Each structure stands twice: as structure tokens, then as C-alpha cells.
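This report describes the architecture of one protein chain and then turns to selected elements and residues within it.

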Amino acid sequence: MSSFNWFNREVSEPSSAQKESAQESVKDTPESQTTETPASADDYLNWAKTAYQNIQKRKQASAEETVAEPDAESVTDRPEAAVASPEVSEPGVPEAPVVETVEAETREAPEQDASAAAEETITEAETEPSPALPLWARADADRQERLERLKAEADAIAEAETPSPMADAASASSAIPAAAELDENFLWSARVLADQGRRADMVDVEEINWLARLRQGLDKTRRSLVNQLRAIVGQGPLNADAVMEIEALLLQADVGVEATDYIIESLQDKLRQEALPPEEAIAYLKSILRNMLDNPGGQPVSPTFTPEKDTLNIWLMTGVNGAGKTTTIGKIAHLGTKSGYKCLIGAADTFRAAAVEQVKIWGARSEVEVIANPGKNTDPAAVVFDAIGAAQSRDTELLLIDTAGRLQNKKNLMDELTKVRRIIDKKAPDAQVEALLVLDATLGQNGVRQAEVFSEAVNLSGVILTKLDGTAKGGVALAVVQQLGLPIRFIGAGEGIEDLRPFSSYEFIEALLSG
């Protein structure tokens, strides 16, 4: 079964059955739904239905392929002598008595009559007139009925266009990612993907599920920031008083003084040209925030952060205690393995108790080998040296190095990081080295001050934001890029192994302001 490459946002090495399914999807899908960005609500709805049908087709093709492989092996390996002949009943052996079955059915008949009578009673009770529902309840019921009807239509179309699944497909489907339900989350995720120019026939179920989790993870920030923001904008055209209220909201969300000043100045420059209606004001605010995230410190950076194939990439993870470095390493190792990279983990956190055991557990979860020193309080630089040697001998493409959590004001520990970086540069001069800082989003501005010191010690090249699902301070992402000039490379919105993904400014801002 093919896997989804999250670094390139595409399905890698699809099987022949999935290729045929994709080709059929392209043939059956109108060109306007695959090459053009939807323009109306109906276009978005049709785009989402097409994406849902294609996901169902790929899931079914994967299920049939998974079932066919063990069946083919069993037929090939079966010896001819082992073919069983039909059983013949021996004479004199009486057949199984039928009387007991008849008697059992006779005994069950009164129970069935009783259940039928109960069902009739329930049916009569349901037909009695129910009290009128309030207006809000009727609106909610109509909305739910519309979603159910839309899902039923998409399922019916998918069943009509695809062959019936094999009998054993149900047992094999547990190994295939569950298809997203055609609900409100699916429709919102589909709209975000369509606005980025994605084709409906190329959308993967993992993208839909991740966007739904991101939307849910930013719910606290959205409720505290966006609801008030919309209330301000909804009062009428944006004016000077409204801009001052927006400034206060941004500071409360830990966007930071520098980032807030930049946003407010951009809004005021726009107001000098024209008054902005509510919808245009929100759209213009989105463009400002996306521009900040895509150009940290005013310098444009590549929107993709991808390890180079067929070469050694070393990612050094740094951060304070409790930020989530070890779990982040396990999640990135899982992501890299799924995306087709040969991964290895170096357990250089020799300071914290049970740190090596923890990273080994995450290595087992992500099916990635861990290089560790069995001794206690060993030199982290020695572990890094051994890990690089092992990576070079095994043609590893992505080496993830765990380091001890340390406060930014501990000079000795910060000097240790500098030593580790020197070992990397000396042992692997041709490797692509990235130093990533793992920041706990719940810390807000305190995390930004940590990043300033870490950046001086190891020459940081990016930031990983974790625990976005547990805070209302999601605006810290804007503070990081504006004050430190560091791009956001990954974001985490949950504790599961699938809850960390490469950062997309468009998806982040949409989940923050339009979720």
C-alpha cells in the first residue's frame, strides 16, 4: 500500500490498482473540479463530494490489494496432496435430528410475536404528535439532515462507480487509514485545500484528518481572539478606534509587541487608502499574517522543509525541559519513515533520568533504531559521534539527535550544545545540518526569550511549536517569526503520533481565523 509523503504533500509510489483508480477518478471528474479553484458555495460542495468519492475509491482499492496478496500466497504455497476431498457420510450413521430445530423454532415464535407487538407499540407511540421544536433546534436539525443527505449522495455515487468489495476486505481494512466522514470538518478541510489550488482527485485522507485536528487544536485561541475580532469588525467599516481594540486583542493572544505593531501599522496604512468592510478587513488581516509567517524577519524562506534524499540530514533538537523534544523526535521519525526516508535516532540526552528509555520507546513506536550509550552521565558529544558513524555506515538519510533539556541561563549546559554542534560539523562536514528549537506554545512570550538564547548557542534554523491544542496563546507563532526571524517548521496539535505535521502558513491562518 502506498504511503503519503508529508514533506512533499503527495502519495509516494502508488500501487497499480491505486494508479488505475486515480486514472478513473480523473476521467470521471469534470475538469472544472480538478484544475480550477471553486468560485461559489455549490462549487466547493461539489469539490468536497468529488474528493470524498476519490478517497473512498482509493481506500477500497487498497483493501482489495491487501486481501489479494495473502490469498495469492495461500494458493501458491498449497501442496496438491493437501487438497481435501469432499466428505462422504458413512452408512448407518443417522443424520442430525431435525425435530429439535423445529421445536426450538416453535419456542422462539412466541418471543418473536412478543417483540413484534412491542415494535408496533413503539411505532404507534412515535406517530403521536410531538411538541413543536424551537427555532434554533429546527435549524440545527435541518443542518444535520443536509449533511447526512450529502454523505448519502456521495456514498451512492461512489458505490455506483466502483465494484463491490471482496468478502475479506472488512478484516483487512484495519490496516488502512480510516476515511474521514463527510461532515462539517470534511467540508471545511476540503475548502482549505481547494483554495490552495489542490486537485480533488489528489487529496489524501491524512490531509483531511490533520486539518480537522489542527482546527480543533486552535479552538481555544480562536474563541478568545477571533470571536472578539469579528465582533469588532462586524460593527462596520474598520476605523481608528477598531484598530486600537484589535491591538489589545493581539497582545492578549501573546502575538508580541513587535508583531502587533507591524500588524497595526499595516492596517492603518490600508485605512488611509480606503475604509474596509467587515469581510474585506478579515481577508486583509489574513494576508498580513501569512506574509509575516512566510517572511520571518522580513526575509523570504522556502515554504517546504524537506530532508534531501540520498544524503545525510542531521536535525539537532534543542529546548528546555518539558517542551516535548523526545516526543517530537518520535513523531518526526514516524513521519520520515512514512515518507520513505531511512531514519535513525541518537539519544544524546544523558542528563535526565530515564531519558534514554523514553526515546527508545518512541523509537519502537516509529519503528526506528536508536543509538544510545548504556552508561550513565556519559558525554553527549560521544553519543553524537557514535550516532553519526552509525548513520554513515547504514546510508541513513535522516538522523534525529535528542539533547538534554536545559534552561537558557545555564552557561555550562549551553556550552555543551556548542560542543555537540562542533562534533557534527567535524564528523559530518557534508551533511545537511538543521538545529531546531522545540517550543511549548503554552509558555507564550517566555518561550520567545528562551529562543533568543538558544539561537546564539547553536545557530537555530527553525522552530517546532508544540502543545497548540492546550493553549489560547497560539499567537506566539507570530511573535517567533517577527522577533527572532526564525521560520516555523512543524506544529503539534495533540499527543498522538500523528499529531505533528509540517507547518503551512495558509492552513494555520485559516484554522486560526476561519475555523
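Helices, as the term is used here, are DSSP runs of H or I with at least four residues, numbered from the N terminus. Just after one of them, helix 17, Asn459 takes a positive phi of about 55°. The model is a predicted one, and the values below are computed from it.

## Overall composition

The chain holds 19 helices and 10 strands. Of its 515 residues, 45% count as buried. The accessible surface comes to about 26600 Å², and carbon and sulfur atoms account for 50% of that surface. When contacts between residues at least 6 apart in sequence are considered, 79% of them join residues at least 24 apart. The largest nonpolar core comprises 119 residues, and Ile314, Trp315 and Phe508 are those with the most contacts inside it.

## The sheet and its strands

Eight strands form an open sheet with mixed pairing, in the order 5-4-6-3-7-8-9-10. Its edges are strand 5 and strand 10 (500–502), each of which pairs on one side only.

Strand 6 (residues 398–402) has five of its five residues buried, and it is therefore largely enclosed by the rest of the structure. In a regular strand, side chains alternate between the two faces of the sheet. Along strand 6, Leu398, Leu400 and Asp402 point one way, while Leu399 and Ile401 point the other way; all are buried.

Strand 6 pairs in the parallel sense with strand 3 over four bridges, and Leu399 is the bridge partner of Ile314. Strand 4 (residues 343–347) also runs parallel to strand 6, to which five bridges join it; here Leu400 is the bridge partner of Ile345. Elsewhere in the sheet, strand 7 and strand 8 are paired in the parallel sense over five bridges, with Val463 of strand 8 as the bridge partner of Leu437.

Ile314 links several of these features. Apart from neighbours within four places in sequence, Ile314 is in contact with Leu399 and Ile401, and its other contacts include Ile388, Ile424, Ala428 and Val433. Ile314 is also among the residues with the most contacts inside the largest nonpolar core.

## Helix 17

Helix 17 covers residues 445–458, and its 14 residues should span 20 Å at 1.5 Å a residue; the end C-alpha atoms lie 21 Å apart, which agrees. Its buried residues are Gln445, Gly447, Val448, Gln450, Ala451, Phe454, Ala457 and Val458.

Asp440 lies in strand 7. With a relative accessible area of 10%, Asp440 is below the 20% limit and so counts as buried. Leaving aside neighbours within four places in sequence, Asp440 is in contact with Gly322, Ala323, Thr466 and Lys467. The side chain of Asp440 makes polar contacts with those of Thr442 and Lys467.

Lys467 belongs to the loop between strand 8 (462–466) and helix 18. Its relative accessibility of 34% makes Lys467 partly exposed. Phi of Lys467 is near 60°, a positive value in a residue other than glycine.

Glu367, which is not a glycine either, has a positive phi of about 60°. This residue is found in the loop between helix 14 (355–365) and strand 5 (370–371). Glu367 is exposed, with a relative accessible area of 70%.

Lys338 is located in helix 13 (residues 325–338). At 17% relative accessibility, Lys338 counts as buried. Lys338 and Phe4 are separated by 334 residues in sequence, yet their C-alpha atoms are 6.8 Å apart in space. Lys338 also forms a side-chain polar contact with Glu206.

| Side chain | Partner side chain | Polar contact |
|---|---|---|
| Asp440 | Thr442 | 2.6 Å |
| Asp440 | Lys467 | 3.5 Å |
| Lys338 | Glu206 | 2.9 Å |

How values were computed: Residues numbered from 1 in each chain as written. Predicted model: local features only at pLDDT ≥ 70, side-chain atom pairs only at ≥ 80, totals over all residues. Heavy atoms only, no water. Helix = DSSP H or I, 4+ residues; strand = E, 2+ residues; numbered from the N terminus. Expected span 1.5 Å × (residues − 1). Buried < 20%, exposed > 50% of the residue type's maximum accessible area, 1.4 Å probe, protein only. Polar contact = N/O pair within 3.5 Å; in protein donor to acceptor, adjacent residues only side chain to side chain. Contact = heavy atoms within 4.5 Å. Pairing = 2+ DSSP bridges. Core = buried A, V, L, I, M, F, W, Y, C linked by side-chain atoms within 4.5 Å. Areas by Shrake-Rupley, 256 points an atom, 1.4 Å probe, with all protein chains shown as cover.
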